[in-house]
Amino acid sequence: MSGATTAAYLARRAAQKERVRILYRRALKDTLNWAVHRHLFYQDASDLREKFEANKHVEDLDTIDKMIAAGEATYNKWRHPDPYIVPWAPGGSKFTRNPVPPSGIEIVNKGLEDP
C-alpha cells in the first residue's frame, strides 16, 4: 500500500471504531431505560456486549459500514420513547419543579394574611 492509501485506510478504520463506540454506548445507556431493575439490566447489557463482540473479527471496510448502518437503524427503531432523565437535568423529573407563576396570575393565600 502507498502512504496515502494507508493513511486513508487508517482514517476510515478510526472513524468506524468511533461510530461503533458511540453506537455501543448509546445502546447501553438506552438499555437502562428498558430494564427497570439492575439484575435485568446486567443481563441485557451482557447480551448487547455479546452482539458487538460477535462481529469484532470482521475486517472488510464495506461490510463494517453496512453493519454499523444496520446497527444504527436497529437502535433508532428500538429506542425508548420516554427515556429516563436524571431529576436535576433539564427535562428531568425535578427540573423547575416550582416554576415562577405565569404573569397575570394572582396568587391568593386565604387564611394566611396578617390581621
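## Ile-64, inside helix H3

Buried means under 20% relative accessible area, exposed means over 50%, and partly exposed is what lies in between (1.4 Å probe, protein chains only). Because its relative accessibility is 8%, Ile-64 counts as buried. You'll find Ile-64 in helix H3, which runs over residues 61-78. Helices here are DSSP runs of H or I with at least four residues, strands are runs of E with at least two, and both are numbered from the N terminus.

What does Ile-64 touch, if residues up to four places away in sequence are not counted? Its partners are Arg-13, Gln-16, Val-58 and Glu-59, where a contact means heavy atoms within 4.5 Å. Ile-64 and Val-20 are 44 residues apart along the chain, yet 9.5 Å separates their C-alpha atoms.

## The overall picture

This is a predicted model, in which local features need pLDDT of at least 70 and side-chain atom pairs count only at pLDDT 80 or more, while totals for chains, interfaces and linings use all residues. Residues are numbered from 1 along each chain as its sequence is written, and side-chain values use heavy atoms, with hydrogens and water left out.

Going along the sequence, the pattern reads α-α-α. Of the 115 residues in the protein, 18% are buried. Take the contacts with a separation of 6 or more: 59% of them join residues 24 or more positions apart.

## Helix H1

H1 covers residues 3-34. With 32 residues at 1.5 Å a residue, H1 should span 46 Å, and its end C-alpha atoms are 47 Å apart, which agrees. (That expected span is 1.5 Å times one less than the number of residues.) The buried residues in H1 are Arg-13, Gln-16, Leu-23, Tyr-24, Ala-27, Asp-30, Thr-31 and Asn-33. What covers them includes H2 and H3.

Let's stop at one of them. Is Thr-31 buried or exposed? Thr-31 counts as buried, because its relative accessibility is 12%. Leaving out residues up to four places away in sequence, Thr-31 touches Phe-41, Asp-44, Ala-45 and Leu-48.

## Helix H2

H2 runs over residues 38-53 of the chain. Its 16 residues should span 22 Å at 1.5 Å a residue, and the end C-alpha atoms do sit 22 Å apart, which agrees. Phe-41, Ala-45 and Leu-48 are the buried residues of H2. Looking down the axis of H2, you'd see these buried residues within an arc of 60°, so they line one face of the helix. The arc is taken from the directions that lead from the helix axis to the C-beta atoms. As background, an α-helix has 3.6 residues a turn, so residues three or four places apart point the same way.

Which part of the protein do the buried residues of H2 pack against? They pack against H1. Turned away from that buried side is a face of H2 with the exposed residues His-39, Tyr-42 and Glu-50.

## Back to helix H3

At 1.5 Å a residue, the 18 residues of H3 should span 26 Å, and its end C-alpha atoms are 26 Å apart, which agrees.

The largest pocket has a volume of about 1100 Å³ and is lined by 29 residues. A pocket, on a 1 Å grid over the protein atoms alone, is an open set of points where a 1.4 Å probe fits, with protein on both sides within 12 Å along at least five of seven lines; lining residues have an atom within 4 Å of a point. Points are joined across faces, edges and corners, and the volume is the space filled by probe spheres set on them. Leu-23, Tyr-24, Leu-48, Lys-51 and Phe-52 lie nearest the centre of the largest pocket. H1, H2 and H3 are the elements that each give two or more residues to its lining, and H1 gives the most, with eleven. The lining divides into 14 nonpolar, five polar and ten charged residues; nonpolar covers Ala, Val, Leu, Ile, Met, Phe, Trp, Tyr, Cys and Pro, charged covers Asp, Glu, Lys and Arg, and the others, Gly among them, are polar.

The second largest pocket has a volume of about 170 Å³. Its lining consists of Lys-29, Leu-32, Asn-33, Pro-83, Tyr-84 and Ile-85, with four nonpolar, one polar and one charged by class.
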